[in-house]
Amino acid sequence: GQSKKKCDFMIPENNKKHHTEEISTERLIVRRGQPFTITVSFSAPIHNYLKQMKRTSLIAQTGSHRYQADEIQTEFPISSLGDQNQWSAAVEEQDPNFWTLRVNTPANAPIGQYTLLLRASKSSHFLGDFTLLFNPWCRDDEVFLANEAQRQEYILNQDGIIYQGTENAVLAQPWDFSQFEEDMVDICFTLLVVGEHFQKEKDPAQRKDPVHVCRAVAAMLNCNEFRTLTECEPGQHSNGIPPSKWLGSSPILRQWIASKFQPVRYGQCWVFAAVLCSVLRCLGIPTRVVTGFTWAHNTKSSLSVDEYYDEDGTLLTQDNTARVWTFHVWNECWMARTDLLPEYSGWQALDATCQEKSKGPSFCGPAPVHAIKEGDTQVDYDVCYFFAAINAKCHVWIHKADDTLKPAFGDTKYTGNNISTKGVGSERCEDITHNYKYPEGSLQEKRVLDKAYRNMKELETTSSSTQFISIPTALEEPVNLYTHLQSNSSLQLGQDITLSIEVFNHSGGEKATHLVVGIQALHYNGVPIAQLWKEEFNFNLQSNSVNNLQVSVPHMWFGKELGENHLLRLTAVLRDEDSSYMYLAQEEISICDSPLTIEFPENMVQYEPSTAKISLQNPLTEPLEQCVIAVTGRGLIYRQRSYRLGSVQAKSTQELQIPFTPTQAGPKRLTARLTCLQLQSLKSYRTTNIAAA
């Protein structure tokens, strides 16, 4: 038999061809369905090459032990040709002392961490370990994505933007996916294995299926006892890190591993979606983070959601979990759905945030976005939940002092608006609402809603566990009065709110009216924090006339109580004194700008020391107390640094010099986050180009 001396996995060349050189230059990481090359050297020369080749084979296996496969094992011969469609090896070059082998993996091989062995005669020799990932570059892989710019964005880009705020003032928040940091690939496979264990999936061969991998990873994020992250009620995050403070995925995943799988505190929807995006991109599934504004959460797939206000326009928290969120963040993954009809391939919605489902709380998806748009609510997985969340009609009720409920008339509040994601290869926001729904009021929209009602009605009769409640018929609206509320959709820090309220009387007679205008601080998930201001007006309206009110609310009246998402809801409740009909207008605004600015020097070169300047401008008429600025930037700064600034005086600017030495070339982003007594987690970011050394 031959005696093997050593094996060269030709890591730099292979990893570059497989688009994994950013993950490692020390370990072999390859993508399925694409060959890689290795060289085996022998300690004694081999002369009868063909005879020897027939006796030699390779073994690829996964599992915890090097010489016994406790999971997947595949043995394949070494031939002179090889076969692209299955595990195979072909000799490319040979002389008595070494063979160069081209190893092929099938495009549907299970992903995983493999050991490669050489079997000659009866004995096996360890050649080395390699990691196998999904391959969006391979036409036969289920995750194949034809467009190179999209592959660069949805697999290789580590700098993300997650949209928050409101639909009229979308706020771009930076996120570092860091999916290629050195330990991430191991953490991602650990997460997958623990997720499978929780899902009671025993067969590692299922790792060939991207749907299986998505479900196993999503289940791990916050819906089970092994979960990676703990969800918190907004504003309640003592003994943990508030969700708005995280700047990237790797600190969360590292903490989870270091604590031996204790859930990390705390996450909310955008944190779950960001971490899920990092893990799936790392494993090779094209993934993006998506935000939808006015999302009906936990409707249990009913197409109706209720909002309750008191007579002063204060939003009331109801015990039930269904409510309208200002925004919600989920993921989309790109894949062929071989388990469904061909038209359902493409983007799949996947939501790691727990939803109340008939069998208890769980994640949702992957649901074909095409099925959501077409109202095919019976399609797997969980299309009905996504469809309801972005198509439910919101009914507004006034809870009166005598405990009765009255409908509030006014503009319909639509759900599922401005569905947005980061554009490919740029930092602009791309609106993808048209992928999820037809235009408001179009014939196609009516057709889809009718189809969804029919599907849901059938489901209602076949399974009592899922509650599909059809929309109650619209109440006949008295078109006598109408109120319209307008304000600045986004506020600068320290700016006053200017409100304009118009009240129209379309009736033939004079009307006696009572108007209450209010401002409330709100969490992103529709839970009120506090009523900050209100004012009442009484006036008589002549027939067919308009009353126009302008109100200015000083910053000092509402600035103290902002929650971590800096959202405010403005309401105007109009009561017709004669008929006691109630009319409600509402508007949401967010405080968008960050008081931090980042400046870089003109030319920066890899490995040459440099300095960035961060300025904190306090626009308020009071000092900002206990200011801390956290700075992070992959390739610029190691992990995260914190700078304590103490107090920054009213209407003044403080500057901070950040020395750093770039270790990587190309476009690099620096992110700064300010936390102080008055404000939580205001972020700023700037991307610069580092010249290669």
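Modeller: Proline 366 lies in strand 18 (residues 360–368). This is a predicted model.

Colleague: What makes the peptide bond from glycine 365 to proline 366 cis?

Modeller: Its omega is near 0°. Another cis bond joins arginine 265 and tyrosine 266, with omega about 0°. Tyrosine 266 sits in strand 13 (residues 264–267).

Colleague: Why point these out?

Modeller: Most peptide bonds are trans, and most residues other than glycine have a negative phi.

Colleague: Where is aspartate 403 found, and what is its phi?

Modeller: Aspartate 403 is in the loop between strand 19 (393–399) and strand 20 (405–409). Its phi is positive, about 70°, although it is not a glycine.

Colleague: Why is aspartate 403 called exposed?

Modeller: Exposed means over 50% relative accessible area. Aspartate 403 has 60%, so it is exposed.

Colleague: Why does arginine 639 count as partly exposed?

Modeller: Arginine 639 has 46% relative accessibility, so it is partly exposed. Arginine 639 is in the loop between strand 35 (624–632) and strand 36 (640–648). Its phi is positive too, near 50°.

Colleague: Why are helix 4 and helix 6 called oblique to each other?

Modeller: Helix 4 (residues 184–198) and helix 6 (residues 250–258) pack at about 60°, axes 11 Å apart. Roughly parallel needs an angle under 35 degrees, and roughly perpendicular needs 65 to 115. The pair is therefore oblique. Their crossing is left-handed.

Colleague: Which residues of helix 4 and helix 6 make the contact?

Modeller: Helix 4 gives Met184, Ile187, Thr190, Leu191 and Val194. Helix 6 gives Ser250, Leu253, Arg254, Trp256 and Ile257. By class, seven are nonpolar, two polar and one charged.

Technical notes
Residues are numbered from 1 along each chain as its sequence is written. This is a predicted model: local features need pLDDT of at least 70, side-chain atom pairs count only at pLDDT 80 or more; totals for chains, interfaces and linings use all residues. Side-chain values use heavy atoms; hydrogens and water are left out. Axes are lines fitted to C-alpha atoms, for helices over the stretch in contact, and angles run from 0 to 180 degrees between N-to-C directions. Helices (H or I, at least four residues) and strands (E, at least two) are DSSP runs, numbered from the N terminus. Angles under 35 degrees count as roughly parallel, over 145 as roughly antiparallel, 65 to 115 as roughly perpendicular and the rest as oblique. A crossing is left-handed if the near helix is turned anticlockwise from the far one by less than a right angle, and right-handed if clockwise. Contact means heavy atoms within 4.5 Å. Ala, Val, Leu, Ile, Met, Phe, Trp, Tyr, Cys and Pro count as nonpolar, Asp, Glu, Lys and Arg as charged, and the others, Gly among them, as polar. Buried means under 20% relative accessible area, exposed over 50%, partly exposed in between (1.4 Å probe, protein chains only).
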